[in-house]
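Subject: Structure handover and notes

Dear colleague,

I am passing on the structure below, together with some notes on one of its helices and on its aromatic pairs. Please read them with the model open beside you.

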Amino acid sequence: MRTALIVWFIFINAVAYLVMSEDKRRARLGRDRVPERTLFLLAAVGGALGAWIAMYRKRHKTRHLSFKIGIPLLLFLNAVLYGYFWS
């Protein structure tokens, strides 16, 4: 179970980071964007750390109050759930 949890943690956070980075790239190019719902969904299913890191490394969505509050809350929730499933 722990191995699966570690694999999931790495996978979903990498995906969240890459999707958030891609959304920033699309924003700069003026192309179609990734829906905010998708970004929050990735964070909610365990990728909040990846989304949070991408937010601040790429300076993306940092002015949106919903992201400034929502992603850290989801990060806390992720930590609680990962801790629960780890033990």
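In helix α3, the residues F67, G70, I71, L74, N78 and Y82 are buried, where buried means under 20% relative accessible area, exposed over 50% and partly exposed in between, with a 1.4 Å probe and protein chains only. Seen down the axis of α3, these buried residues fall within an arc of 100 degrees, so they line one face of the helix; the arc is that of the directions from the helix axis to the C-beta atoms. An α-helix has 3.6 residues a turn, so residues three or four places apart point the same way.

Before going further, please note that this is a predicted model, in which local features need pLDDT of at least 70 and side-chain atom pairs count only at pLDDT 80 or more, while totals for chains, interfaces and linings use all residues. Residues are numbered from 1 along each chain as its sequence is written, and side-chain values use heavy atoms, with hydrogens and water left out.

The buried residues of α3 pack against α1 (2-29) and α2 (36-57), whereas the face turned away from the buried side carries the exposed residues L65, L73, F76 and Y84. Helices here are DSSP runs (H or I, at least four residues), numbered from the N terminus. With 22 residues (65-86), α3 should span 32 Å at 1.5 Å a residue, and its end C-alpha atoms are 31 Å apart, which agrees; the expected span is 1.5 Å times one less than the number of residues.

F67, which is found in α3, has a relative accessible area of 0% and is buried. Leaving aside neighbours within four places in sequence, F67 is in contact (heavy atoms within 4.5 Å) with M20, E36, L39, F40, M55, K61 and P72.

The structure holds 5 aromatic pairs, counted when the ring centres of Phe, Tyr or Trp (its six-membered ring) lie within 6.5 Å, with planes under 30 degrees apart taken as stacked, over 60 as edge-to-face and the rest as tilted. One of them joins F9 and Y82, whose ring centres are 5.2 Å apart with planes at 85 degrees, so the pair is edge-to-face. Because F9 lies in α1 and Y82 in α3, this pair ties together parts that are 73 residues apart in sequence. F9 is partly exposed at 31% relative accessibility, while Y82 is buried at 16%.

Best regards

Notes. Helices (H or I, at least four residues) and strands (E, at least two) are DSSP runs, numbered from the N terminus.
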